Amino acid sequence: MNLKNKLLSSYIAFDDYLEADSPVHDLKNKAIKIFESEGFPTKKQEDWKYTSLNSLLKADYSLSPRRDHDLEFKDVKRYFLHDIDTYKIVFVDGVYSSFLSETTHEKMDVCLLSAAMSKPKYKPVIEAYFNKIAPEDSLTSLNTAFAKEGAYIYIPKHREVEKPIEVINFSTGNEAALMLQPRNLIVVGENAHVQIIERHQSLSDNPVFTNSVTEIFAEKRAFVDYYKIQNDRITASLIDNTYISQEGQSNCRVHTFSFGGNVTRNNLNFYQKGERIDSTLKGITILEGKQHVDHNTLVHHIEPNCESHQDYKGIFGDASTGVFNGKVIVNKEAQKTDAFQQNNNILIDDKATINAKPQLEIFADDVKCSHGCTIGQLNEDALFYLRTRGIAKKEARALLMYAFANNVLQSVKIPELKKRINKLIAEKIGVNMGFDL
Amino acid sequence: MLQIRNLHAGVEEKEILNGIDLHVKPGEVHAIMGPNGSGKSTLASVVAGKEEFEISEGDILLNGEDISELDPEERAHKGVFMSFQYPVEIPGVTVTNFIKTAINESRKAQGLEDMPASEMLKKIKEKAEMLDIDRKFLSRSLNEGFSGGEKKRNEIFQLAMMEPKLAILDETDSGLDIDALKIVANGVNKLRNDENAVIVITHYQRLLDYIVPDYVHVLMDGKIVKSGPKELAYELEEKGYDWIKEEVKA
């Protein structure tokens, strides 16, 4: 049975235990029908031209993993920001782990979606927000149909969350192959502030295929600082669908650090629904081997006087492939839009590939929209400069790669995270610089 | 110290250096002057080991050892230093961290342990003071957003920290005002001793008022066409290079 059929028949079994009066019952039924008619995207679709899921669909994924595992904190400590205090919402093989988590209901809700979906108390929020900006494409619909677990974060207005929230999905390898579909719902009230770190981490070399959907709602003047750490094993693949709806004067920033994994597709979408909104999308991608990362971004400027800033840096080694498809839409009404997009890439080896495609659709006449895209090699003069200072070629190359990516790190607001990312970059480049970068 | 014998070098088919002979002894300062495109910067780059240039003939001896096949970093470890006309910006790496890396990489190559942190700090402080470098400057990203003068001063700071045997200053005076020029020249002079040597590449005699050369060489079309005492620099400043061209023709 192919994966699509397996998912469809599994849905029927799963549907039984979803209560008919659940606010999402009809949504799910509708969603599975969309997936049934559309199936998995193929390279024939314009948006998927450079990313093939074929190789991922062959494994015989378990859709409902066993619940027994003996994961202890010490086994996974290194995947957390353990040197500072954080809230933690942790899932192991798709199941919430109360043992590894640190949630709260004090003046806000940092907990799990299944609880929010089943308790009447949360019904108004679920009804108002769940699946409200996620579009009806096949993969998002697939996730909606199966959505039962994920992070539920509700920050009431004026609340400044004092410590970052970590959302981590572990897979243990208990199953020969595992498909996960986490679903996160994040609502940040008026003038509230929150920092969130999301991570998907496989703990074995058994294949994992994750199709994740995150909906984020930033109310007026809300500040959302979101970090995605994609440093998974080479046997793990991820489709990350993130949809962000922003109200007036809100500020949302998403940093995506893509260093690991097999096939990674980031569908990152911003919808600006008020005035004086600021949206930031930044990323560092460092790949090797046959890794593939596809950044598919959308910033939809709907109202006037808003800004968006995109800055993606990519370093591609060996036979790795990268895609940057950055779409900016400026509606006719969205006058005085200031949209900036930059994408710089370095190809280190002859077999590495990058497909960069900026797409600007501008319907307003009084806007400032700029985009720049470069593809190049490491600067030979710069390399020579470093080597004349006694720094060996390998280290000199690493230093230049670090310098190239560094710009994006400047805006990371959590110092411990910045340090951690720095270390990951140094590891990924394979060189110890002899000082804390 | 440095002996260059019949050096021919260039890129692909184009020869830029056409048989250079130069002998620099310990304790000496040599100035290399010449019109644009005469090969001055190429000579500096070839001695420092830039791979873009191919040596077709001749050799470069450092203390008797042929270094012409060595990597740039290996030459640096043996005591060759080049101050760049256009230093490279390295965002995210501070001046201090960069110099630490450079020094410890060289020490590693010589089989030495890393320089102890306290010694490193003391040395950094001492050299920064000598070059009138502000402490804040040391924690800035290397060359990023530096003015032309700051970049050059930073080059000489690196020179002071690395204490090479042979320092090649490629157009270090360009982009410097007179005060900065004095500080930089003064720094170079303080570093001079009987065991090291300096090659100053410059367009103008101005720098040579402060770093006084023992010999002045005129480079034209990839060849040293005339050598003389420091007074030759004044003559070039006054009369330009045309008279030498005539002399060479004759």
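## Chain B as a whole

Select chain B: it has 9 helices and 12 strands (helices are DSSP runs of H or I with at least four residues, strands are runs of E with at least two, and both are numbered from the N terminus). This is a predicted model, in which local features need pLDDT of at least 70 and side-chain atom pairs count only at pLDDT 80 or more, while totals for chains, interfaces and linings use all residues. Residues are numbered from 1 along each chain as its sequence is written, and chains are lettered from A and ligands numbered from 1 in the order in which they are written.

The C-alpha trace of chain B spans about 60 × 40 × 35 Å along its principal axes. Its radius of gyration is 18 Å, close to the 18 Å that the globule rule gives for 250 residues, so chain B is as compact as a globular protein of that length (the radius is taken over C-alpha atoms, and the rule is 2.2 Å times the number of residues to the power 0.38). Of the 250 residues in chain B, 44% are buried (buried means 20 or more other C-beta atoms within 10 Å of the residue's own, exposed 12 or fewer, partly exposed in between, with C-beta atoms placed from the backbone).

## Helix 1

Next select residues 40-48 of chain B. Are the residues of this helix buried or exposed? In helix 1 of chain B, 9 of the 9 residues are buried, so the helix is largely enclosed by the rest of the structure. Among them are Lys40(B), Leu43(B) and Val47(B). Gly49(B) follows helix 1 of chain B and has a positive phi, near 105 degrees.

Two packed helices are described by the angle between their axes and the distance between the axes. Select residues 117-130 and 148-162 of chain B, which are helix 4 and helix 6; they pack at an angle of about 135 degrees with axes 10 Å apart (axes are lines fitted to C-alpha atoms, for helices over the stretch in contact, and angles run from 0 to 180 degrees between N-to-C directions). That makes helix 4 of chain B oblique to helix 6 of chain B (under 35 degrees is roughly parallel, over 145 roughly antiparallel, 65 to 115 roughly perpendicular, and the rest oblique). On the helix 4 side, the contact includes Ile124(B) and Met130(B), and on the helix 6 side Phe157(B) and Met161(B) (contact means C-beta atoms, placed from the backbone, within 7 Å).

## Two positive phi values

Most residues other than glycine have a negative phi. Select Asp132(B), in the loop between helix 4 and helix 5 of chain B; its phi is positive, about 55 degrees. Asp132(B) has 14 C-beta neighbours inside 10 Å and so counts as partly exposed. In chain A, select Asn305(A), in the loop between strand 15 and strand 16, where phi is about 60 degrees.

## Where the chains meet

Finally, show both chains. The contact takes 25 residues from chain B and 23 residues from chain A. Helix 3 of chain B supplies the largest share of chain B's side, 8 residues.

Note on methods: Two residues are in contact if their C-beta atoms, placed from the backbone, lie within 7 Å.
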